[in-house]
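Work through the exercises below with the sequence and the model open. Each task is followed by a solution in steps.

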Amino acid sequence: MIRAEVVVELDGREVYRGESKSFVQNFSKILFAILNGTGGVGLAYEGPVSSAVVQKPDGATTTVYGEYYTKYTPSAITSGGTAMGFKAGAGEDAWGILVGSGSDPVSPTQYNLSAKIPHGTDPGKLYYDVHTVTSSYSDTSSYVEIARSFINKSSQPVTVREVGLFARNRYQRADAIEVDVIFMVARDVLPNPVTVNPLGSLLIRYRVILTT
Amino acid sequence: MSQPLNPMRGFIEIEVRDREGRVIQRGRHEMKSFTNNFLKILEGFFNSYGNYPSEYVAKPASKATVVAPDGTSKDAWTEAYYDYHRCGGVAMATRAGAGVDSYGIVVGSGTTPFNLNNYALATKIAHGTGAGQLNYDVMSLDDLGLDTSVSPPVYRVRLMRGFKNLTSSTITITEVSVIARAYWKYTGGVVNDVLFLIARDVLPTSYTVPAGGSASVAVVIEVAMG
C-alpha cells in the first residue's frame with residue numbers, strides 16, 4: 001500500500017500532518033513516460049524513446065521525456081539529464097517544494113499554485129532553503145521524504161495556505177539545453193493557514209509511505 | 001463507485017483463453033505489493049537536481065541502491081552527466097520486447113509470501129517453448145487518462161503483456177511481478193544497466209493456462225487526484 005503525507009512544522013513545532021491526495025495529472029503522465037521506456041538502445045541512438053505531454057506552470061502544454069539521449073556533437077562535452085529532478089538549491093523557487101498563499105480547491109488538471117510566494121527577503125516573500133531527502137526501509141514499512149525550509153527574512157508576517165511539488169525534466173549537452181521543462185506534480189491546500197512571523201521558519205515535508 | 005483510500009494503487013487483471021481463443025478464466029485483484037525498490041527509485045528522483053551539477057561530470061548525479069533479481073545490491077541511476085555526447089537514459093523502463101523475460105511483466109509459479117524487500121519472483125516461469133515455459137509477448141503500455149466519473153478522480157496507466165503456452169502441458173500462474181530496467185549510456189559505452197523488481201503479487205487465485213492457450217496480464221496503476 002502506498003500513501004503520502006504532507007507535514008508542516010512552524011518554528012520547529014508540527015502544526016499539520018495530513019494525507020496528501022493531491023497528485024495532479026502531470027504526475028501520472030511523467031510516470032507513464034518513465035515506465036514506457038525500453039532501455040537497451042544502441043550507443044549511437046540520440047533523441048527520445050518515451051515521452052508525455054504535460055502542462056507547465058504558465059498553462060502551456062509541452063513534451064517531456066521519460067527516456068532521452070542527447071544529440072551528437074563532434075567534441076567531448078558534458079551531456080545528460082534526468083526525467084524528474086526535485087532537488088532545487090537555495091533561492092530556487094521554480095521547482096522542488098514551493099509554497100503559496102492561494103486557497104483554490106485542488107483539482108487533477110491544475111498546473112500551478114494559486115498564488116506562489118516567491119523567494120526573497122521583501123515583505124510577502126520567503127527565503128527558500130535547500131532540500132533534504134531522508135528515507136527508511138524495512139520488510140513491512142518504508143518511507144522516503146523530501147523536505148524544504150522557508151525562512152521569513154522580511155519585517156511582515158507571511159501566510160501560507162498551499163503547498164506544491166514541482167519536477168524538472170531536463171537534458172543538456174554542454175550549454176545547449178535540449179529539454180528543460182518544469183511542471184507541478186502535486187498540490188495540497190492546507191486546512192488552516194499557517195502564518196510565518198518575521199524571522200520565523202517553516203518546514204514542509206512530503207513523505208511517501210509504503211506498507212505491506 | 002468506492003473511493004480510493006490511497007493516492008496510488010494498482011490492480012492486476014488476468015484473462016486466460018483456451019487454444020480456440022475462448023475465455024476460460026478471468027480475474028481482477030488489487031495489488032498490495034509495490035516493493036522497496038520502487039520507493040528507492042522515487043528517492044533517487046527526489047535526490048535528482050534537475051540542472052547541471054558540474055561536480056558530477058562523468059558520474060551519476062543521483063542514484064538509488066536497489067536489489068537486483070539475483071539478490072545483489074546495485075546502483076540504478078536517476079540522473080547522470082557524462083563528458084561526452086549522446087548521453088542519457090531511463091530510470092525505470094518496463095517496455096520489454098517479445099521473448100524478453102528479464103523485465104516488464106514477468107510471471108511465476110511460486111507462493112512465497114510478499115514483503116517489501118522482495119527482489120525476485122519466488123519461481124519465475126521462463127520464456128520459451130519447453131516444458132514449464134511460456135512464450136513472452138512484447139510489453140505494451142497505455143495512458144488511459146483521467147477518469148472523473150469516480151470521486152476522487154483517478155488517472156490510470158496500464159502495462160500489459162500476453163503469454164502463450166506453446167507446450168503440451170498446462171502451466172499455472174500464481175504470482176505476477178513488474179521488473180524495471182535502469183539503463184544509461186553515452187557514445188562510448190553503456191554505463192548503467194540494472195534490473196530490479198518494483199512489484200510482486202501472489203495471486204489469491206491461481207490461473208491455469210492450458211496447452212495451446214494464452215494469458216493476458218495487465219497491471220493498472222491508478223493515482224487518485226484531488
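A residue counts as buried if 20 or more other C-beta atoms lie within 10 Å of its own, as exposed if 12 or fewer do, and as partly exposed in between, with C-beta atoms placed from the backbone.

The model is predicted: local features need pLDDT of at least 70, side-chain atom pairs count only at pLDDT 80 or more, and totals for chains, interfaces and linings use all residues. Residues are numbered from 1 along each chain as its sequence is written, while chains are lettered from A and ligands numbered from 1 in the order in which they are written.

**Exercise 1. Gln55(A)**

Step 1. Locate the residue: Gln55(A) lies in strand β3 of chain A, residues 47-55.
Step 2. Count neighbours: 19 other C-beta atoms are within 10 Å, so Gln55(A) is partly exposed.
Step 3. With residues up to four places away set aside, Gln55(A) touches Asn26(A), Thr61(A), Tyr111(A) and Phe183(A).
Step 4. Ser79(A) is 24 residues away along the chain, and its C-alpha atom is separated from that of Gln55(A) by 25 Å.

**Exercise 2. Strand pairing and the interface**

Which strand of chain B pairs with β5(A), and in what sense?

Step 1. β5(A) pairs with strand β4 of chain B, residues 73-82, in the antiparallel sense over 4 bridges. Pairing requires that DSSP find at least two bridges between the strands.
Step 2. In this pair, Ser79(A) stands opposite Tyr82(B).
Step 3. The contact between the chains takes 66 residues from chain A and 59 residues from chain B.
Step 4. On the side of chain A that touches chain B, 31 residues are nonpolar, 25 polar and 10 charged. Ala, Val, Leu, Ile, Met, Phe, Trp, Tyr, Cys and Pro count as nonpolar, Asp, Glu, Lys and Arg as charged, and the others, Gly among them, as polar.
Step 5. Within chain A, β6(A) and β9(A) pair in the antiparallel sense over 5 bridges, and Ile97(A) stands opposite Leu165(A).

**Exercise 3. Chain B as a whole**

Step 1. Chain B has 1 helix and 12 strands.
Step 2. Helix α1 of chain B, residues 36-46, has 11 of its 11 residues buried.
Step 3. Of the 226 residues in chain B, 51% are buried.
Step 4. The mean pLDDT (the predictor's confidence in each residue, from 0 to 100) of chain B is 93, and 95% of its residues reach 70 or more. Over residues 1-5 of chain B, however, the pLDDT is below 50.
Step 5. For the complex, the predictor gives an ipTM of 0.96 and a pTM of 0.96.

Notes
Helices (H or I, at least four residues) and strands (E, at least two) are DSSP runs, numbered from the N terminus. Two residues are in contact if their C-beta atoms, placed from the backbone, lie within 7 Å.
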